[in-house]
Amino acid sequence: MKLARLSLLSQICITHLISHIHMLVLPVLMPVMLLANSDVDFVQIGFAISVFNIVSAVVQAPVGFFVDRIGPKRVLITGLIIGSLSFLSLGFISHYYWLVIAMAIAGVANAVYHPADYALLSQNVTEKRMGRAFSLHTFSGYIGFAVTPTLMLTVSSLYSVKMAFMVSGIIGLIAAIILYPKAANEPVKKVIIAPHNDKPQPTNTASKLPLITPAIFLMLVLFLLLSLSGSSIQNFSVSALVKGYSISLADANIALTAFLLLGSVGVLVGGQLADYSKRHGLIASGALVITALLALLIAIFSISSTIAITLIIGLMGFLSGLIAPSRDMLVRNVSPKGAEGRVFGIVSTGFNFGGTIGPILFGWILDQNYPRGIFWCTAIFMALTAAIAFYQEIKGEKR
């Protein structure tokens, strides 16, 4: 890989890592905030987190159009600065209403990352290395999630919650200062969007392309289903295992840790696999089917062995990570050239919709005292996702 492209990839990975830190700052600091401030409760902080996700979902698709029109680097750095300033402000303004406003602003900034990142990767990385580039991008997000709890809780315990918010903002601003000169040199040019496998189109026909095609809509549904199946394990498997399988809280968390760690390994392996084979739909659907079967094992049988549960959930994590680069390649394959920002902006809203629907659905299932339902949902959502991926493979959408 050329040095310039390697430098670009490192910049994208840094911003993606910081975006995941910002996504997790408030959830991680929630218990500390409740102890330090009796004026707020779980519902109020939860509402602020919901505002973040809802704003991101609403804004992400329009941001994709800005990415395609004025350049992904400028949009990316702008989002990084805005998001960082919103968290930095929470170190100075402690009023609850400002928390909600700041999270709404951070939600706008968060909407920038996927459209801009994927547009930069699609337009600047060679085809034979695209899968590995996507995998490193996703892996950097895993790292961001991994370091946030330790970083935020350490700073808040040594200093204060306000200082933790400020540190999260300062980290982003430092990155923005480093990356800004490169973004400022990005030329502004009008992008002509052309359909797949067609000759270059006249400028006046670019705007006539549909906002969303059936293939793009399917990818939106795919991202929604992946968000639901992923959150069922990440956010609710521990409660389900403790409540329905006679597994201790510590052992259930060990299983979840295995899921997350092996997921990050799976992402890197999946990048190699995505570059080795062009059958991205087949890779994704095969891994999804196996993951669904593993979820069914837990849903049907009363497995109380910690070792068995850890192995099964760990393997599910590995396969879930393995899917990610092929998933991104599927989206890229249905994206008109020059419209990668728009398309990734549209389909990535599936993550936000899933993040809104999932907690309500899975919380209701646990309230009904049916913990096995969490794993039934995982299996069903994975199976539906596999069907979409396999359909795309049969349809043979090629970039």
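Author: Ala, Val, Leu, Ile, Met, Phe, Trp, Tyr, Cys and Pro count here as nonpolar, Asp, Glu, Lys and Arg as charged, and the others, Gly among them, as polar. This is a predicted model, in which local features need pLDDT of at least 70 and side-chain atom pairs count only at pLDDT 80 or more, while totals for chains, interfaces and linings use all residues. Residues are numbered from 1 along each chain as its sequence is written, and side-chain values use heavy atoms, with hydrogens and water left out.

Reader: How do the residues lining the largest cavity divide into nonpolar, polar and charged?

Author: A cavity is a set of points on a 1 Å grid over the protein atoms alone where a 1.4 Å probe fits but cannot get out, and its lining residues have an atom within 4 Å of a point. The lining has 10 residues, and Gln11, Lys73, Leu76, Ile77 and Leu179 lie nearest the centre of the cavity. By class, the lining divides into 7 nonpolar, 2 polar and 1 charged.

Reader: Which helix gives the largest share of the lining of the second largest cavity?

Author: Helices are DSSP runs (H or I, at least four residues), numbered from the N terminus. At least two lining residues come from each of α1, α3 and α4 (96-124). The largest share, 4 residues, comes from α4.

Reader: Is Ser246, with its positive phi, buried or exposed?

Author: Ser246 is not a glycine, yet its phi is about 55°. Because its relative accessible area is 71%, and buried means under 20%, exposed over 50% and partly exposed in between (1.4 Å probe, protein chains only), Ser246 is exposed.

Note on methods: On a 1 Å grid over the protein atoms alone, a cavity is a set of points where a 1.4 Å probe fits but cannot get out, and a pocket is an open set with protein on both sides within 12 Å along at least five of seven lines; lining residues have an atom within 4 Å of a point.
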